[in-house]
Amino acid sequence: MAMHESIFDYSRYRYLWVSMVLSLGSIVAYLWHDPIGEPNGGSWLGYTLGTIGALLILWLLWFGIRKRSYKSRVGTMRGWLSAHVYLGTSLILIAFLHSGFQVGWNIHTLALVLMLVVIFSGFFGVYTYVRYPAIMTRNRDSATRQSLLDEIAELDAQALQLADTVDPKVHAAVLRSIERTEIGGSFITLLRPGDETDNALDQVKTFMEQRDKPAAGAPKKDMSTMFAMVDFLSAGSADAKSDALRKLLDTLARKRSLTDRITRDLQVQALMEIWLYIHVPLSMALLAALTAHVFSVFFYW
Amino acid sequence: MAERFQIAIVGSGPGGLSAAAHAAELGISHVLLEAEPHLSNTIYRYQKGKHVMDEPGILPLRSPLEFKAGTREAILGAWNDGVARLSVNVKHGHEVSKITAQPGGGFLVECANKAQMIADRVVLGIGLQGNIRKLGVPGEDLPIVQYTLDDPGAFSGETIVVVGAGDAAIENALALAKQNTVIVINRRDEFARAKEGNLRGILKAIEEGTIQCYYNTGPEKVEALNVGRKKGRLVLQTPQGRAQILIDRIIARLGASAPRGFVEGCGVKFPSKDPSAVPAISPQYESNVPGLYIVGALAGYPLIKQAMNQGYEVVEYILGRKVEPADEPLLRDRLKNVPNFRSVDAFIGDIQRNVPLLAQITPLQLREFLLDSEIHAPKPGATVFAKNDYTNTFFSIVEGEVEVVVDAAQNRRIKLKRGEFFGEMGLISGRRRAATVLAGPGAILIETPRRSMNRLIQSVEAVKREIDKVFIARALQSRFTPESPIERLNEVVESARIVQFKAGDIVFNEGDPGDCVHLIRRGSLTISRQIGGKDVVLSYVAAGNYVGEMALLGDSRRSATVRAAIASETIRVEGEAFKRLIQRDPILRARLQAEYSARTASNLAMQQMPAGGDIISFLIAQGAGEATDILLIDEALCVRCDNCEKACAETHGGTSRLDREAGPTFANVHVPTSCRHCEHPHCMKDCPPDAIHRAPNGEVYIADNCIGCGNCERNCPYGVIHLAAKPPKKPGLLSWLMFGAGPGPGEAPYDPKAGKSSEKKAVKCDMCKDLKGGPACVRACPTGAAIRIGPEEFRAYARNRS
């Protein structure tokens, strides 16, 4: 029956077995092989492993095309990804055995380095795929991103309404915070988000403190420019105003927690995607370096 | 003295309009009575620019008025021109309130505006929409009072009073409140009729002060003002006394009065209380009241072209002429493969003689029935349908016989002969076919689609009774004693009756005395026990299975509580009769005991992991109880790449039919907004061209003859159907990759508007029935998060995840 199967245990670890057989076979052949001189890419085993490695790279690159062939009936995406991960991992071994562990400052090693960067960025991708989905689910708590944004917009409206009943300065502070609230943006802002709501919260809190102890000395200098003291002493309006202030604080705090959640959501999604910006372009570079490597080997040999 | 006409036509919809036009064309004295100031109110109220289709395409049009697929404006324009050209005698603002047969023949037609007239014959073409209820106070017809709202965005900065407390009123009020001052007038003290979401919305708006609401308040009068800034004044009666509001506009959404009461008031009889029942009419469209004719949707013909043809024909019939019905050539064509075919009428005669079930219905209904149906004359031995197919058509045997393969392993077969029917199990339970049926010698079969059959069952009580009787006997036999003859079951069948449950109703409680067995015939049930004060769901039982046998076999009291997961029907068999059957039948006893111990073991296993029960409860709460195949996403695996949506869009003309993100999640099980292919699909309920079908593998899909009316979109409780236009074609993979031509695979079209035409059709998941290898969403999921499962797998699924 149909069950959720991850890319690791797909089809009872089929591709883990395939890649283990491939790796072990390569190791055994490498140990058994007795080349003339140092083990290198020029021996018959070197050529064989090189061919296998190059074909593997081409096949791994084909994943990008298969992913976009939505009507393709060649396996499922899950099978392809499972194979992509396991066989891609075994490529590290095959490449080193192919070269006989020789490195240098040349085009051949450039191809190797690019390949390793691509593979290790893939490892990071696998790590994010394992780690972040559950975190994202918990953080979302069944809400959609749109519903979170809608709620924030609603809280903003409420906050403005409340601030309006309190004081023009508070209103201005809340408005500025709303105008400056930015959700999302570049990867860098996503990974190190700031929160404008904090400023508004701080200011409203300070304002409250100022209000609560008007007799306790003169207001701080910067605050006195921020909030001119208004007449809160007429009892009725003061009560209504403190009520509104409390509500305003609740609203801002709630908004703060929502923006936190949504920022976290975007951050996690960014982490699950960011590695692709290394993985995919460098794989294209790898293709170019690989072509140069193969060409130079045959041309200059 | 009231004016006298030969024909009075009530309602200017396609049927009435066509009848009036034909009468005018022939120069017969006639009158067309229309309540509204315009013609064809139902179509008039379509949104602007809506594309109206002309299904069924094969049916020729017979009417002096033009009709072909096009925009609402073009069609209404053509009709208005036609009515003017033929000088049809239309009387607008005449809402007919009463039609009485006169002793000397003819009818007295009375209108709400006190106008009266006498007509020899009356044609009712009032459709099913009903008349919009008006304010019922002076000024209700002023231009500032409107009863519909096409585009809330068209008004801004106005003071608008919305009268009404239903969903339409609330939706209008909320939409208008964005840029207007809105006041809601509610006659009662709460919004009792509103949907949950609307209720929350309006109460919140009232609390926040964006909408003002007067409860227990009714309008007294509306007046137009010539001076001042506001266009009018509304006087209200509030509990505190009289009040007045200066307003720009009143929008009254008070619903419509269903036409049935009025029609019954004219003496027309309906065959059953079911709201979908239509009055029985003769082949000449005459009702049980002589001289009173019914055409169009009210008579059960919801398509525009059908109604227009009937309007034409009814006038011909009234004049005593014989017209070959418009469907005659179609029927002839449909029947041409029948061996020894002579004429349509002769074949209809054969059916009425040979098939007792269909002898109950009128020849007109039978024609319609045949038009919807397929006639088969299969070779002996050919498969009519195979076991486990998901089809839900109904078969009647006109000639010859068929064989039902009861037990494929032992090749045991039952013969069904001329006049009998089969396929009722799939029709009623909405589940897979229970057995394979093979054609016998000389078989001529009528295969009727689900909708036509259901309409027949609802309209003709005798048909329903007969089918239920046979269903009970066959269902009990196939479930309990497939190896012995049906007569053995007589006592049990006698004691059995059909019981209906609403979702959440209790079938029986833990600890009740066990006095009966329930065989589920449609819907599904959950089995739960009280453990530590909490209701723990142990199991989920789908249609075709039984509950309650435990108490009859072992303990005498119920060991668990059984609830209906969705609206369900069971066959209730009396305990005593069932016990005697078990005693007589040792094979049955052994089998029941085996199933009993398997169930007890599985219940015990489930009891030990209550998390599994919670998952089942969660799935049931999401409506999975009526699903046949549901998309589930494991959110611990889902990397939110949306490849499922992209694959869906790419394989289905550019529009994704699933929304991955939306929908609830429990214990990392996410139920996205995606079709569940319900056992009894809500979308099929009211599809005028009958375009929604179920394929043999269970896929519910929309065929190309969709007219884009949006009924399915409204009827689907899961929001998985929407109307979409075909987007522009995308470039191939290589020309995108190499030359950057157009949007690439999985990307949204650059300019979605480029493909936007008014011709929108309903789209929904078809489980990729035309692609080999299964649904693209599941196949495209790179991490194995998305799967599709059927309800029979819920238990194993829940156990696996807990």
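This is a predicted model: local features need pLDDT of at least 70, side-chain atom pairs count only at pLDDT 80 or more; totals for chains, interfaces and linings use all residues.
In β38(B), B:His670 is the bridge partner of B:Ile633. That is where I start, with strand β36 of chain B, residues 630-634. Residues are numbered from 1 along each chain as its sequence is written, and chains are lettered from A and ligands numbered from 1 in the order in which they are written.

Back to the strand. β36(B) pairs with β38, residues 669-670 of chain B, in the antiparallel sense over two bridges. Pairing requires that DSSP finds at least two bridges between the strands. On β43, residues 786-789 of chain B, β36(B) has an antiparallel partner joined by four bridges. There, B:Ile787 is the bridge partner of B:Leu632.

How many residues of β36(B) are buried? Five of its five. Buried means 20 or more other C-beta atoms within 10 Å of the residue's own; exposed means 12 or fewer, partly exposed is in between, and the C-beta atoms are placed from the backbone. In a regular strand the side chains alternate between the two faces of the sheet. Here B:Ile630, B:Leu632 and B:Asp634 point one way, B:Leu631 and B:Ile633 the other, and all are buried.

The whole sheet is open, with four strands in the order β37-β38-β36-β43 of chain B and antiparallel pairing. Its edge strands are β37 (665-666) and β43 of chain B, each pairing on one side only.

A second open sheet in chain B has three strands, ordered β14-β15-β16, again with antiparallel pairing. At its edges are β14 (218-224) and β16 (241-247) of chain B, each of which pairs on one side only. From one strand to the next the twist averages 20°. β14(B) and β15, residues 232-238 of chain B, are antiparallel and joined by six bridges. One of the residue pairs is B:Lys221 with its bridge partner B:Val235 in β15(B).

One helix of chain B, α10, residues 363-372, has B:Gln365, B:Leu366, B:Glu368, B:Phe369 and B:Leu370 buried. The buried residues of α10(B) pack against α8 (328-335), α9 (344-354), β27 (444-448) and α12 (450-459) of chain B.

Now chain A. It has 11 helices and zero strands. Of its 301 residues, 29% are buried. Contact means that the C-beta atoms of two residues, placed from the backbone, lie within 7 Å. Among contacts in chain A between residues at least 6 apart in sequence, 78% join residues at least 24 apart.

One helix pair in chain A: α1, residues 14-32, and α3(A) pack with their axes 8 Å apart, at an angle of about 10°. α1(A) is therefore roughly parallel to α3(A). The angle classes are: under 35 degrees roughly parallel, over 145 roughly antiparallel, 65 to 115 roughly perpendicular, the rest oblique. Axes are lines fitted to C-alpha atoms, for helices over the stretch in contact, and angles run from 0 to 180 degrees between N-to-C directions. Residues making this contact include A:Tyr15, A:Leu22 and A:Tyr30 of α1(A), and A:Tyr86, A:Leu93 and A:Leu97 of α3(A). By class, the contact has 11 nonpolar, six polar and no charged residues. Nonpolar covers Ala, Val, Leu, Ile, Met, Phe, Trp, Tyr, Cys and Pro; charged covers Asp, Glu, Lys and Arg; the others, Gly among them, are polar.

On to the interface. 27 residues of chain A are in contact with 37 residues of chain B. On the chain A side, α2 (44-68), α3 (77-99), α4 (107-140) and α10 (235-274) each supply at least two residues. Which of them gives the most? α4(A), with five residues. The chain A side divides into 14 nonpolar, seven polar and six charged residues.

Last, confidence. The model scores ipTM 0.85 and pTM 0.75. Chain B has a mean pLDDT of 86, with 97% of its residues at 70 or more; pLDDT is the predictor's confidence in each residue, from 0 to 100. Chain A averages 84, and 88% of its residues score at least 70. Over residues 215-236 of chain A, pLDDT stays under 50, and the model has 18 contacts beyond four places in sequence for that stretch.
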